[in-house]
Structure formats: structure tokens, C-alpha cells
Amino acid sequence: KPDSDKTQLSSELVQDNLIDSQGLALDMGKASTLLDFVKWGKTNYPADRYVLVVWNHGNGWKRKPNEEGTRGFSYDDQYGTHIDTWQIDQALGTEQFDILAWDASLMQMFEVAYEARNHAGFIVGSEESPPAEGYPYDAVFRSFKDNPDAATALLTKGFVTGMNNHPPYVGRKITQSVFESAKLSTLAAALD
């Protein structure tokens, strides 16, 4: 809910002291933590459309076929954990979104989008490493506020233009693109 006084933050505190059932700090590098959050958000804040933005470090997919180790996202510095990219189905369960946005490095790769294709109509992200400051959320979501009934495909452009036109980012190496998930299976077949 918007604050009526723009000079003071007076929004209701949603939750603090984020702990698991054993009284430990939440492990943001666990797939189950992301899934629990998504379910909680949809239950407590039902909406006509959903955008899931995953912010943190990202490593995309393997750089070469025989690379050792796994790539992932949502790195938890306290526990030294992360969600492996191949765990996207586990991390999102049966949940669906209109847009899945990666506010993380290296996540807008075909291989990552293919893993997420069954969870969102559109997948947004950067092929490179975006600025650590992340999305300029006011610019990205301005079109959502101004045109709430616009087609989702049109609203995804706010991520691209918001990043490319954000004054502090002008002149920096910015990549941002949108995949339409329904077309990924056809592309996978053609690549195969």
C-alpha cells in the first residue's frame, strides 16, 4: 500500500525475525525456502497477475560441457549454500507466474530459461552481470502502475527500458532481455 506521507516510511512491517521451524535463520540457498516464500506471498497477497523477482548472485549454466560443480542462484553467505539451477522446478513447485525476473548475474541464458519455462509466461534477466544495485524498481514497474490492464508482454518491456534508461546506469554495460516461455520448446527442438 502506498504511503500517504512521502517523507516518512510508514508501511506496515510484514514480517521480521525470519526463522525456520527449528528456530534457525532462514537458509536462502535452499529451494524449499523460495517455494515457501512464494506460497506465503500468494496466500497473503492474492493478485490478478504475479511477478517473481529473484535477486542475489547468479551463475547461470555451465560455461563448458565438462565443467565440474554446479551453477546456481540465491547464494546464502551465512550458510554457504545456493539453489542449483537444475533445482528451479523444486524451488517453484507447481507455482505459476506471469513474469519471472532474474535480478542476478548470468541468468538470462537459454538453458536457465528452459529450466524455468513451465513456471512463467515470460522470463526476464541479464546475460551478463547487471549493476549490483539491481533493478531500478520504480522505473521497471511504472508501466504496471500506469497501465495495469496492459498485456503482460508489453509490461515486460519495463524491465528492459527501466535498466537501459536509468540515469546512473547510462554508459554502463547493461544487457536485459525477455524470453517468451511458450516458444522455448520449439527453440530447444531446433537447437537439438
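## Terms and model

Helices (H or I, at least four residues) and strands (E, at least two) are DSSP runs, numbered from the N terminus. This is a predicted model, in which local features need pLDDT of at least 70 and side-chain atom pairs count only at pLDDT 80 or more, while totals for chains, interfaces and linings use all residues. Residues are numbered from 1 along each chain as its sequence is written, and side-chain values use heavy atoms, with hydrogens and water left out.

## Helix H6

Helix H6 takes in residues 152-164, 13 residues in total. From first C-alpha to last it reaches 19 Å, close to the expected 18 Å; the expected span is 1.5 Å times one less than the number of residues.

Buried means under 20% relative accessible area, exposed over 50%, and partly exposed in between (1.4 Å probe, protein chains only). In H6 the buried residues are Thr-152, Leu-155, Thr-156, Gly-158, Phe-159, Gly-162 and Met-163. They lie on the same side of H6, because they cover an arc of only 125 degrees around the axis, the arc being that of the directions from the helix axis to the C-beta atoms. An α-helix has 3.6 residues a turn, so residues three or four places apart point the same way. The cover over the buried residues of H6 includes strands S1 (51-55), S4 (97-103), S5 (120-125) and S6 (177-180), as well as helices H4 (137-140) and H5 (142-146).

## Strand S4 and its partners

Six of the seven residues of S4 are buried. Two strands pair if DSSP finds at least two bridges between them. S4 pairs with S1 in the parallel sense over five bridges, and Asp-103 in S4 is the bridge partner of Trp-55. S4 also pairs with S5 in the parallel sense, over four bridges; here Phe-122 in S5 is the bridge partner of Ile-99.

## Nonpolar cores

A nonpolar core is a set of buried Ala, Val, Leu, Ile, Met, Phe, Trp, Tyr and Cys residues joined through side-chain atoms within 4.5 Å. The largest one has 21 residues, of which Phe-73, Leu-100 and Trp-102 touch the most other members. H1, S1, H2, S4, helix H3 (110-116) and S5 each give two or more residues to this core. Apart from it lies another core of 13 residues, among them Ile-99, Phe-144, Tyr-169 and Ile-174.

Contact means heavy atoms within 4.5 Å. Not counting residues up to four places away in sequence, Phe-73 touches several residues, including Leu-34, Val-54, Ile-88, Trp-102 and Met-107. Leu-92, in helix H2, is buried at 3% relative accessibility. Leaving aside neighbours within four places in sequence, Leu-92 is in contact with Leu-34, Leu-35, Leu-52, Phe-97, Leu-100 and His-119.

## Salt bridges

A salt bridge is a side-chain nitrogen of Lys or Arg within 4 Å of a carboxyl oxygen of Asp or Glu. By this rule there are five salt bridges. One of them joins Glu-95 and Lys-42 at 3.2 Å, N to O. Glu-95 lies in the loop between helix H2 (88-92) and S4, and Lys-42 in helix H1 (residues 31-44), so the pair ties together parts 53 residues apart in sequence. Both Glu-95 and Lys-42 are buried.

Asp-146 and Lys-145 also meet in a salt bridge (3.2 Å, N to O). Asp-146 is partly exposed at 44% relative accessible area, and Lys-145 is exposed at 65%. Glu-180 and Lys-183 form another salt bridge (3.5 Å, N to O); Glu-180 is partly exposed at 35% and Lys-183 exposed at 54%.
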